Amino acid sequence: YLRASYVDFVNLHSSFGSKLVCCILLLVFSVAATMFASASKSGDGEYPYNTFMVPCTVEVLKFLASSLLLQVNKVSGTGGSELSYSLENFLHYSLPAFCYFICNNCMLFIIRDLGPATFQILNNLKVITTAAFMYIFLGKKISWLRWKALIILAAGCMVSQLRTCDSPTHSSNSRVHGYFWVLLNAIISGFGGVLSEKLLKGRGERMESIHWQNMQLYFFGILFGLFSLLREGVKTSLGVYHGFNSAACAAVASLAICGLLVSFIL
């Protein structure tokens, strides 16, 4: 009995430790992605590369990483290894993938129009929309104390912008565009996060591999990225990665790691 209790105690603390490490890493890499994306801009404040290549490349990297992790789990026999091939379930991943595709593009637009610091502050607004969508779609009960905390968070985000009214660093037109992207990002990010959680946890007792679920999600992300590139009309003669610099590559790597960490945390 003591031995079983000790094993349960160790497993509990190791699980909590892994969750804590994932949360800390997500914080570090999300800030790093913001800073790298800002550093990738040219002197005129614009991106010297096609920004649609960023989310597309991120989805490809996440798909390859999930494929590798799935094979590792199969060989080692650890973790959920059940795979399903239902077309209906597969198509369900298209909507959250589309949401994440929009959010990744919104991040670049917000940084361009408002700056990295403002993006990090206003990005907290997605916490409010996520809570609202969790209440609506997942039936999560949120106490009045937590709603008040969310209201304070929203007020803090708005107040943080008042100090920039006297000495704006961006034109009024770009700020209007930036705040539009902020609002869109908050709504779509919250909606996509709740949909992902519902898909990842909605299997009941089935222990379907999270890597397999991620691969289906990232597959649609790649499709949306390729479609956007076709509409944009990439100049293949210059190369699809024309204008990419080291900061842009670092931003892509950081975003890919963030995406994988989010799925594990969910």
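Buried here means under 20% relative accessible area, exposed means over 50%, and partly exposed is in between, with a 1.4 Å probe and protein chains only. By that rule Ser40, at 0% relative accessibility, counts as buried. A few ground rules before going on. This is a predicted model, where local features need pLDDT of at least 70 and side-chain atom pairs count only at pLDDT 80 or more, while totals for chains, interfaces and linings use all residues. Residues are numbered from 1 along each chain as its sequence is written, and side-chain values use heavy atoms, with hydrogens and water left out.

**Overall picture**

The protein chain has 10 helices and 0 strands; helices (H or I, at least four residues) and strands (E, at least two) are DSSP runs, numbered from the N terminus. Of its 266 residues, 40% count as buried. A contact means heavy atoms within 4.5 Å. Among the contacts in the chain with a separation of 6 or more, 87% come from residues 24 or more positions apart. The accessible surface comes to about 15100 Å², and carbon and sulfur atoms own 70% of that; areas come from the Shrake-Rupley method with a 1.4 Å probe, and for residues only the protein chains shown count as cover.

What does the side chain of Ser40 make a polar contact with? Its partner is the side chain of Tyr49, at 2.7 Å. A polar contact is a pair of N or O atoms within 3.5 Å; within protein, one must be able to donate a hydrogen and the other to accept it, and residues adjacent in sequence count only if both atoms are side-chain atoms. Not counting residues up to four places away in sequence, Ser40 touches Tyr47, Pro48, Tyr49, Asn245, Ala247 and Ala248.

Thr34 lies in helix H1 and is buried too, at 0% relative accessibility. The side chain of Thr34 makes a polar contact with the side chain of Gln120 at 2.5 Å. A polar atom of the Thr34 side chain also lies 3.0 Å from the backbone oxygen of Ser30. Leaving aside neighbours within four places in sequence, Thr34 is in contact with Ile111, Pro116, Phe119 and Gln120.

**Cores**

In soluble globular proteins, nonpolar side chains tend to be buried together. A nonpolar core is a set of buried Ala, Val, Leu, Ile, Met, Phe, Trp, Tyr and Cys residues joined through side-chain atoms within 4.5 Å. The largest one has 26 residues, and Val54, Met107 and Phe244 have the most contacts inside it. Two or more residues each come from H1, H2, H4, helix H5 (116-122) and helix H10 (246-265). H4 gives the most to this core, with 6 residues. Phe244 touches Tyr49, Asn50, Met53, Val54, Cys249 and Val252, again not counting residues up to four places away in sequence. A second, separate core has 7 residues, including Leu217, Tyr218, Phe220 and Leu260.

Leu114 belongs to helix H4 (residues 94-114) and is buried, at 4% relative accessibility.

**Charges**

How many salt bridges does the count come to? The count is 2, where a salt bridge is a side-chain nitrogen of Lys or Arg within 4 Å of a carboxyl oxygen of Asp or Glu.

| Salt bridge | N to O distance |
|---|---|
| Lys62 and Glu59 | 3.2 Å |
| Asp113 and Arg112 | 3.1 Å |

Lys62 and Glu59 both lie in helix H2, 3 residues apart, about one turn of the helix. Lys62 is buried, and so is Glu59. In the other pair, Asp113 is buried at 6% relative accessibility, whereas Arg112 is partly exposed at 24%.

**A nonpolar patch outside**

On the surface, Phe16, Leu20, Ile24 and Val28 form a nonpolar patch with about 400 Å² of accessible area together. Patches are made of residues with over 30% relative accessible area and no salt bridge: like charges are joined within 9 Å, nonpolar side chains (Val, Leu, Ile, Met, Phe, Trp, Tyr) within 5 Å. Leu20 is in helix H1 (residues 2-39). Its relative accessible area is 45%, so Leu20 is partly exposed.
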